[in-house]
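Visitor: I have the sequence and the model open side by side. Could you walk me through it?

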Amino acid sequence: MVRVAMGLAAVLAFGTPGQAANDPPFAGKWAVEGSKACKPQAGDNDLLLTVTTKRLSYYASTCDVISARRVSRSGDNAHRFKLRCTGEGQTTNSELILVVLEKNELRPDMLLHIEPAGWAVLSYLRCPD
């Protein structure tokens with residue numbers, strides 16, 4: 001089961017594409033394969049992650065945020081979360097680090113999902129509106 005969480009991050013002054021102005025940097029739809037998985041007809045929806053202020057939703061699992069804390073002094077883009085995840089008939093507690101790398105001239109917005117227990121890392125690209 002893929003486990004991921006979302007942040008109770010501070011509000012950004014300006015939103016980015018796919019994100020409302022008052023949402024934390026993690027809010028929105030993210031996909032492992034970028035825009036291909038963002039399209040409903042792609043058949044790759046198991047690679048899609050939807051993040052709200054209290055929950056992350058995947059194809060076969062959801063995670064509720066129990067607590068969150070900022071881990072970066074440089075801004076609100078890196079947080080560590082305690083989660084309660086359910087999916088595939090199981091409920092587990094876990095920890096997760098989410099880091100948003102904002103869009104620049106070389107790449108679109110990127111979300112890094114890091115599981116501290118084994119240091120497994122996944123990267124996601126923000127889906128366009």
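Predicted model: local features only at pLDDT ≥ 70, side-chain atom pairs only at ≥ 80, totals over all residues.

Visitor: In what pattern do they follow along the sequence?

Guide: Reading along the sequence, the pattern is β-α-β-β-β-β-β-β-β.

Visitor: What share of the residues is buried?

Guide: Of the 129 residues in the protein, 40% are buried, and the accessible surface comes to about 7300 Å², with 51% of that area belonging to carbon and sulfur atoms.

Visitor: And what about contacts between residues 24 or more positions apart?

Guide: Counting the contacts with a separation of 6 or more, residues 24 or more positions apart account for 40% of them.

Visitor: Why does Phe81 count as buried?

Guide: Phe81 counts as buried because its relative accessibility is 1%, and buried means under 20%.

Visitor: Okay, now Lys39: where does that one lie?

Guide: Lys39 belongs to the loop that runs between helix 1 (35-38) and strand 2 (48-51).

Visitor: Why is Lys39 called partly exposed?

Guide: The relative accessible area of Lys39 is 46%, so Lys39 is partly exposed, a class that lies between the cut-offs of 20% and 50%.

Visitor: How far apart are Lys39 and Pro128?

Guide: Lys39 and Pro128 are 89 residues apart in sequence, while in space their C-alpha atoms are 9.6 Å apart.

Notes:
Residues numbered from 1 in each chain as written. Heavy atoms only, no water. Helix = DSSP H or I, 4+ residues; strand = E, 2+ residues; numbered from the N terminus. Buried < 20%, exposed > 50% of the residue type's maximum accessible area, 1.4 Å probe, protein only. Contact = heavy atoms within 4.5 Å. Areas by Shrake-Rupley, 256 points an atom, 1.4 Å probe, with all protein chains shown as cover.
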